[in-house]
Amino acid sequence: MSAAPGRRRIVVLGPAHPSKGGIAVHTTELARHLAQGPDADVKLVSWAKLYPELLYPGEVALPDATPEVPEFTPTLRPLSWSSPASWWRTGRHVAQADLVVIAHVVPLQVPALMTVLAAMRAAHSAARTVVVAHNVLPHEPNPGDELLVSRLFAAVDGVVVHSDAQAALAHAHGARRVVTADLPPHLPGGPKLAGEAGSRVPRDGGVRLLSLGVVREYKGLDLLLEALREVHQRGFDARLTIAGELWGAAGRRVRELATGPGMRGHVELREGYVPAARIPELMAAHDAVVLPYRSGTASQNALLAFAHGLPVLATRVGSFPAQVRDGVDGVLVEPGSAAALAEGLLRLADGGLKTLRDNVEAPDLEAPWDAYLGAVDEAAKGGTAAAPPGGKALAVAKRGAEHALWARVGVQRRVGEQLAARKLTAAPAARPVPSGVPRTGVLHDAAEVADAVAQTKRLHLPAHPDSPKNWDALGAVAAVLTLADDGSRTARVLDAGSARYSPVLPWLRLYGLGRTRGDLAGINLEFGATVHRDGVEFRRGDVTDTGLPDGSLDAVTCMSVIEHGVPIAGFLTETARILRPGGVLALSTDYDQSPPDTTGVTAYGAPVKIFSPADLRDLVALADRVGLDLVGELTDDVLAHPERPVHWKRTGLDYTFVLLTFVRR
């Protein structure tokens with residue numbers, strides 16, 4: 001790759017026209033904005049064949065020859081998924097660049113990208129390398145995806161992601177430097193088409209809703225259709241257009257619901273890819289855009305709606321809470337709930353809809369790119385500036401604690417079973433249940449911390465090194481054993497937001513639970529590949545969207561998790577769904593009767609929150625609405641505490657813990 005002397009040689013490698021979709025538009029616009037920098041010589045290197053058609057359920061290329069945005073010049077298309085020789089040639093070709101920015105789309109492409117990087121190394125390239133990860137892992141991952149992504153991230157200098165949750169996931173998959181940046185606007189058709197609003201079509205009936213884009217499970221269209229049916233029964237007239245490709249089982253489910261009883265005349269399916277040129281007319285024929293995602297990272301659809309003057313109904317996932325102003329230019333609801341979507345739809349009644357539309361402001365489509373280009377440059381520096389939460393030293397210490405803990409549990413459990421078989425000691429099920437921690441209550445003082453640590457020793461349970469955490473763990477384990485398990489030791493338990501070194505699941509294992517594979521599991525969005533420790537499964541998972549069957553669990557524990565930016569209503573709704581009637585939720589969180597000021601304090605990618613008495617009462621009211629009954633009461637006496645026995649060194653904050661136990665109605 002040649003350039004004029006003194007100019008910075010940059011390669012952007014990723015999908016571009018004729019590939020369709022937002023990532024191809026983003027790659028093209030990224031190249032264009034990089035080329036606007038001083039002394040920049042930019043080439044866009046793309047794919048002639050992006051995917052094997054048999055593995056891609058939609059149309060790979062645009063249905064006509066019209067690009068979504070003006071093509072970047074120069075754009076080269078030497079890459080083909082079916083030609084490893086093209087991967088190697090491309091790496092040799094770009095080896096002389098100063099910076100190579102690689103769009104990570106799906107793990108299927110990682111072998112090609114790794115070959116490009118290997119060819120660059122073979123040519124003694126001095127280029128800095130950055131991966132732009134639109135999704136660290138696919139929304140529906142396959143076996144081997146995590147290994148491929150880890151190999152790619154470890155091979156480059158830095159990774160750019162578009163949310164704090166994705167940053168944690170990138171760290172968990174070996175990225176050396178991670179920079180988080182808001183996804184900049186890159187609307188289909190570009191700024192010119194986005195500014196060309198179609199002629200508004202007069203409304204002759206109910207509120208006209210538009211869902212635009214590929215229908216997949218995580219986008220929640222099935223929940224929206226259930227909500228639509230509910231509001232129709234309540235007398236609210238709303239009509240929905242679903243415009244986009246319908247993929248796989250999710251598409252079949254949406255087609256079935258859309259054509260089912262009660263939906264005739266209320267839902268229109270416009271199957272197939274929607275090219276950019278048709279978007280202004282489509283927007284003009286509708287009153288609001290709906291984005292009912294179960295989960296998400298970053299999306300352009302809210303900005304696309306605003307660019308065409310439409311308000312938005314969206315769930316509180318991914319980038320939507322930052323883009324949509326609830327009650328101003330849109331409506332935000334908790335994810336994963338048809339009931340929440342129904343209430344959101346009712347807020348779009350005529351008066352509310354007009355107010356929202358009047359407040360819609362056209363987004364700035366250019367200024368956000370300045371910060372984004374800065375993020376790319378920051379990621380290119382490499383190194384370890386963005387270490388895992390708490391730093392690498394803490395991450396190593398946690399990994400060591402994890403292995404030590406599970407080694408002890410395995411040995412202790414096997415020795416106990418052998419001794420019990422020889423009738424030299426009691427069986428695990430005969431171990432006394434932890435006592436002294438109320439099902440619903442507050443950690444009062446240092447003396448209760450000391451009592452909890454002493455109890456772990458008496459019960460031969462490996463104590464958590466952070467002493468106060470033993471208090472709520474004992475209470476949670478006692479709640480599971482006495483309320484959910486009925487002494488049978490066969491309960492199915494999920495630790496939501498788990499850490500592999502935290503005590504709840506190891507202690508339950510020592511009490512004899514987990515004899516059947518899958519009975520004990522922990523999920524966390526920061527987990528990479530699924531790991532098994534002494535029969536306990538730890539896997540990547542979202543506490544607001546677990547994917548588990550209805551009523552499939554006896555108990556859920558969630559220890560000091562919800563204060564880190566978890567959508568409370570979404571978590572409680574999902575927990576109520578997956579618990580059987582009579583099942584138990586044991587939940588702890590940071591608390592203070594007069595919380596300290598946490599303005600500007602962040603941890604794990606979210607503002608630090610310490611719950612107040614009012615916050616807890618609001619939480620209990622939410623739980624009641626989804627069918628979770630509190631064990632005990634939140635009286636002023638229960639919520640009082642004479643000391644603040646918890647000290648978080650990293651933030652300098654002092655407070656205490658609260659434990660809340662709920663039973664599923």
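This is a predicted model: local features need pLDDT of at least 70, side-chain atom pairs count only at pLDDT 80 or more; totals for chains, interfaces and linings use all residues.
Before I start: two residues are in contact when they have heavy atoms within 4.5 Å of each other.

**Entry 1: Arg-539**

I looked up Arg-539 and found it in strand E18, which covers residues 536–540. Which residues does Arg-539 contact, leaving aside its neighbours within four places in sequence? My list reads Gly-522, Ile-523, Asn-524, Phe-527, Thr-530, Thr-546 and Leu-548.

Next I asked myself: is Arg-539 buried or exposed? Its relative accessibility is 17%. Buried means under 20%, so Arg-539 counts as buried.

**Entry 2: the whole chain**

I zoomed out to the protein chain. I noted 21 helices and 25 strands in its secondary structure. The chain has 665 residues, and 55% of them are buried. Arg-539 goes on the buried list too.

Then I checked contacts between residues at least 6 apart in sequence. Of these, 75% join residues at least 24 apart.

**Entry 3: the largest nonpolar core**

How many residues are in the largest nonpolar core? I got 43. Val-493, Leu-508 and Leu-513 touch the most other members. Helix H17, residues 469–484, gives this core its largest share, with 8 residues.

**Entry 4: empty space inside**

Rolling a probe the size of a water molecule over the atoms shows where empty space is left. I counted 4 cavities of 30 Å³ or more in this structure. The largest cavity holds about 90 Å³ of space.

What lines the largest cavity? There are 14 lining residues, and Ala-16, His-17, Ala-24, Thr-28 and Val-69 lie nearest the centre. I sorted the lining by type and got 7 nonpolar, 4 polar and 3 charged residues.

I also checked where the lining comes from. Helix H1 (22–35) and strand E3 (75–80) each supply at least two residues. H1 has the largest share of the lining, with 3 residues.

Note on methods:
Residues are numbered from 1 along each chain as its sequence is written. Side-chain values use heavy atoms; hydrogens and water are left out. On a 1 Å grid over the protein atoms alone, a cavity is a set of points where a 1.4 Å probe fits but cannot get out, and a pocket is an open set with protein on both sides within 12 Å along at least five of seven lines; lining residues have an atom within 4 Å of a point. Grid points are joined across faces, edges and corners, and a volume is the space filled by probe spheres set on the points. Helices (H or I, at least four residues) and strands (E, at least two) are DSSP runs, numbered from the N terminus. Ala, Val, Leu, Ile, Met, Phe, Trp, Tyr, Cys and Pro count as nonpolar, Asp, Glu, Lys and Arg as charged, and the others, Gly among them, as polar. Buried means under 20% relative accessible area, exposed over 50%, partly exposed in between (1.4 Å probe, protein chains only). A nonpolar core is a set of buried Ala, Val, Leu, Ile, Met, Phe, Trp, Tyr and Cys residues joined through side-chain atoms within 4.5 Å.
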